[in-house]
Amino acid sequence: MYQKLTRFKSFRLPLLVFLLTAFLLSFVHVKVDNPLLLFERFVKGGGWLEIALIGFYAALVAYKMQDPGRVQAWRKYTWFAFSIVFFSQLTLGLFGFDKFLMTGKLHMPIPMMILAGPVYRGDISVMPILFVSTVLLSGPAWCSHLCYFGAIDSLASGSKTHRGPIRNKWALKSTVFILVVMAAIVLRWMNVPVLTATLVAGGFGIIGLGVILLISRKEGRMVHCTAYCPIGTIVNLTRFVNPFRMYIDKTSCTDCMACTRYCKYDALNMSDIAARKPGLSCTLCGDCISSCHAGSIKYRFLRLSPATSRNLYLLITISLHASTIALARM
C-alpha cells in the first residue's frame, strides 16, 4: 500500500504539468485564428498532436526534476534543447520557409531587443508580452529556463565553479542597462533607419556571444546573464512581483559553502549565505538544493510548505518552458 501511494505521488506532478501545458496550448490553439502551433501549419488538426507530444515532454521533465539531484543536468540540457528548436526554426525561416516564423516578419533574436525594440519602435510586440507574463507567473525563471541565449551561457559555464564573486557586478549591469536604453532612445530620436539599428543590435549580440564563449567559459559561471544582459537586470529587479522565494534555513545551515560551487548566477557568495538568502541574481533554478547536505536551501511560496512550494514552482515553470518551446518563434 505504501509503495502504491509513493508511486502515485511520483506521477502526480507530471500529470498536473501535462494538464496545465495542454490547457495553455489548447487555449492558444483555439483562440488564435492564425495557427501558432507548427504542426497545424502543415497538417490540418496537427496542432492537437503537437499539444499531446509537448504535454508528454513536459510530464517527463517534471518526473525527472522531482529529484533535486537531477535538476541541474535536466535543466541544462532541456533548456539547451529549447534553444536548438528556437534557432533551428529561425534558420529555416531565413532560408525562405515562412511557416517556421511567428508572423513572417523577422526580428533580431537578441534578448536585449525585448527592452530596446519597443523603445526604438514605440510599440509592444509579442516577446515583451511573453517576457512580462513569465515574470509574473514564475518570477525569474526566464533566466533559468526560457531565454534562448541563457541556455548557451549555461552550457558554456560548465557544471561547477570555484571562482569568487563577480567584481563590480551591479555597476556593470547598471551601466549596460542604461547604455542600451539610451542607445534605443537616441536611435529613435535621430530617425536612424531600421537596418542600421538592426546592425547595432547585432553587434551587441555578437559581443554577448563573446562574453559567453570567452568569459563565462573561463569563469565557470554565467557572466553574460548575470553581468551583461539588460533583460537579466530587469528580472533581478522585478522578481519580487512574484511570491516565489528561496531561502537558507537559519538553524540547519552549517556554513560549509558547498552550495557556492553549484550556483552559476553569482547568488550564493559568502555574504549571501551569511544573510541566509540568495542574492538578487538568484533565478530559483534549484541547482544548489542537492549540494546542501543539511537540506537548508528551500523554496517558499506564501505559507505553503517548502516541498509544496517547490512542486508548485516546477509545475508552473516546466509548463511555461514546454509551452514556450511550442510557441517561441521569431
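**Aromatic pairs and the overall fold**

At 34% relative accessibility, Y63 counts as partly exposed (between the limits of under 20% for buried and over 50% for exposed, with a 1.4 Å probe and protein chains only). F11 is partly exposed as well, at a relative accessible area of 46%. The model is predicted, so local features need pLDDT of at least 70 and side-chain atom pairs count only at pLDDT 80 or more, while totals for chains, interfaces and linings use all residues. Residues are numbered from 1 along each chain as its sequence is written, and side-chain values use heavy atoms, without hydrogens and water.

Rings of Phe, Tyr and Trp (its six-membered ring) pair if their centres lie within 6.5 Å; planes under 30 degrees apart are stacked, over 60 edge-to-face, and the rest tilted. The count comes to 13 aromatic pairs. F11 and Y63 are stacked, because their ring centres are 5.4 Å apart and their planes at 20°. This pair links helix α1 (residues 2-31), which holds F11, to helix α3 (residues 46-65), which holds Y63, across 52 residues.

The pair of F244 and F301 is tilted, because the centres lie 4.5 Å apart with the planes at 45°. F244 is in strand β1 (residues 244-248) and F301 in strand β2 (residues 297-301), so the pair ties together parts 57 residues apart in sequence. F244 is buried at 2% relative accessible area, and F301 is buried at 16%. Elsewhere, ring pairs join F86, F87, Y148 and F149 into a cluster.

The chain has 14 helices and two strands (DSSP runs: H or I of at least four residues, E of at least two, numbered from the N terminus). Buried residues make up 50% of its 330 residues.
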